[in-house]
Each structure stands twice: as C-alpha cells, then as structure tokens.
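The points are grouped by topic.

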Amino acid sequence: MTIPITLTHLRRPEQPTGLLVVGPSLGTAVVPLWAACVDELPRDLAVVGWDLPGHGASARHDHPFTVQDLARAVVEATDGVRADSVAPVLYAGVSLGGAVALALAIDHVGSFEGVVSIASGAKIGEAAGWLERADLVRRAGTPVMVEGSAKRWFAPGFIDREPAHAAQLLSSLQDADSASYARCCEALAAFDVRDDLGGVEIPVLALAGELDEVAPPEMSELVAQRSGGASGVLAGAAHLPPAEQPEATARALADFIAGVARGQVAQGGRS
C-alpha cells in the first residue's frame, strides 16, 4: 500500500549544511504550521515538509494505515532529498507528526541521524476517544472539529495576537478531507510504542508545550526517559509550538541539530 504524501520545500539554500524534514499535526497543513519557525532556523539549513493524507497538498486516502505506515511513507517520499543532502539529516514532527518521529527512530535506523517529537508522545490519548472522533468526522465533516481544536491547539492570547495565522491553521483543518482525517484518528487509536523506545539507537529530543493539555510535558519526559533522549518545555505554547512560539522552537531545534552535527548527542540521545 502506498500512502500519498506530498513534499513541500520550505527552504532551499544554495549551499545547505544539512536537511530537516518537518511533519504536521493532525488537522494542519505543514506550511502554516511550520513557516514562521522555519524563518527562525539557520539560513543554510534546507527544510522540507510533508502533509498528511487529505491535508494540505497531499491527496486523500480512505484506506486503513498505521503511524508506522506513515513513517515508511516519509522514508520513501524523502529518499531522493535525503540522498542528495549533506549531513546531518534530521526529522521533526508535531503531534501525529511527532508520533511518526518515534516510529522513524524505532523502525528506520539509518534514515535520519536524529528525530524531534513535538507536542506528542509514545501513546496519545485513548483509543476509544480517537475512534469516536473518527466516527464523528465521517458523519459531520472536519468543520465540526474547528471550535474544539481552536481551544486545544492554541495557548491563551494566540488567536488575539496572531488572528491571521490562527485562521490559516483552522482553515487547513476545515479544508482537510474528512475520510483521510478519520483514518489518521484510527492510526492514533492503535499507536503505542511505550515498550519499544528502549531499542532506539539515534538521538531523540522530545519537546512539549508548557500549556498543552493534549500532550502535556510528562509525555515528552517519558519519551526521553525510555529512549535515552532529552526533553524540553516550550514556555507559552500549547499544542502547536512551531506556530505559537516559533523562535523558541527554532532555537531548540537548532541546538539539537548542531549537537548531532558535532557528535555531541550520542546514539539513543545519551551524551
């Protein structure tokens, strides 16, 4: 089974010193989620984003898939850009995209030299809740999720401070294909890698939004503890840190990338 995911080049420097592949959160398109953060990253870092099935630039996909299937699709879709890139090659994803980061670290050693899981965890929520949401969206469409997502995604004050940016993100949710969104919910319902993180052999950084009620900081701490990685908390952010706190997110990513490049972050994240 081939899962359709489309890549978008968010930055293409003439002489890149590394590559960062970035992934989206459920309900978001990668460009509005990551653009502000990419602007704060080192100018010589190439950045490529991917969209979930039925989100942003990617085609709809109404067939069952797992988070591990998404990770395999990311590896396949980025094979060319990774082969053409100078080291280091890293991955960072948010929420569902962060779950993909963990699946990459567990199942695809050698594809990326380090991964960053943002506002995510080794298990996110409960299966019953995700299956209920999948059923709701199939019946009522993704617009039914907009009001609740506005409350979950953003820290207090973000919508007032960045109304256009918030509107872009919520529009990407409203425009997402309902069947594809539901399949993503089903993938999250089945996702649980808590017992698999001990075998990770590449550096892992788990970042949490200080105010995230979906994936609170203790979930990132668990990922770091079990993978031998590091964790951090992004002040003033809820569930979409690259959009809410782009400068702080970019600093954390740049420091991690520089550490991996210098070999100061060892396999399994142990330094």
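Why does Ala 155 count as buried? Ala 155 counts as buried because its relative accessibility is 6%, where buried means under 20% relative accessible area, exposed over 50% and partly exposed in between (1.4 Å probe, protein chains only). The model is predicted, so local features need pLDDT of at least 70 and side-chain atom pairs count only at pLDDT 80 or more, while totals for chains, interfaces and linings use all residues. Residues are numbered from 1 along each chain as its sequence is written, and side-chain values use heavy atoms, with hydrogens and water left out.

**Ala 155**
- Ala 155 sits in the loop between α6 (146-153) and α7 (158-161); helices (H or I, at least four residues) and strands (E, at least two) are DSSP runs, numbered from the N terminus.
- Apart from neighbours within four places in sequence, Ala 155 is in contact (heavy atoms within 4.5 Å) with Leu 211, Gly 236, Ala 237, Ala 238 and Glu 244.

**Overall build**
- The chain has 12 helices and 7 strands.
- Its radius of gyration, 17 Å, is close to the 18 Å that the globule rule gives for 271 residues, so the chain is as compact as a globular protein of that length; the radius is taken over C-alpha atoms, and the rule is 2.2 Å times the number of residues to the power 0.38.
- Of the 271 residues in the chain, 57% are buried.
- Among contacts with a separation of 6 or more, 80% join residues 24 or more positions apart.

- In soluble globular proteins, nonpolar side chains tend to be buried together.
- Beyond neighbours within four places in sequence, the contacts of Val 115 include Tyr 91, Leu 104, Ile 202 and Phe 256.
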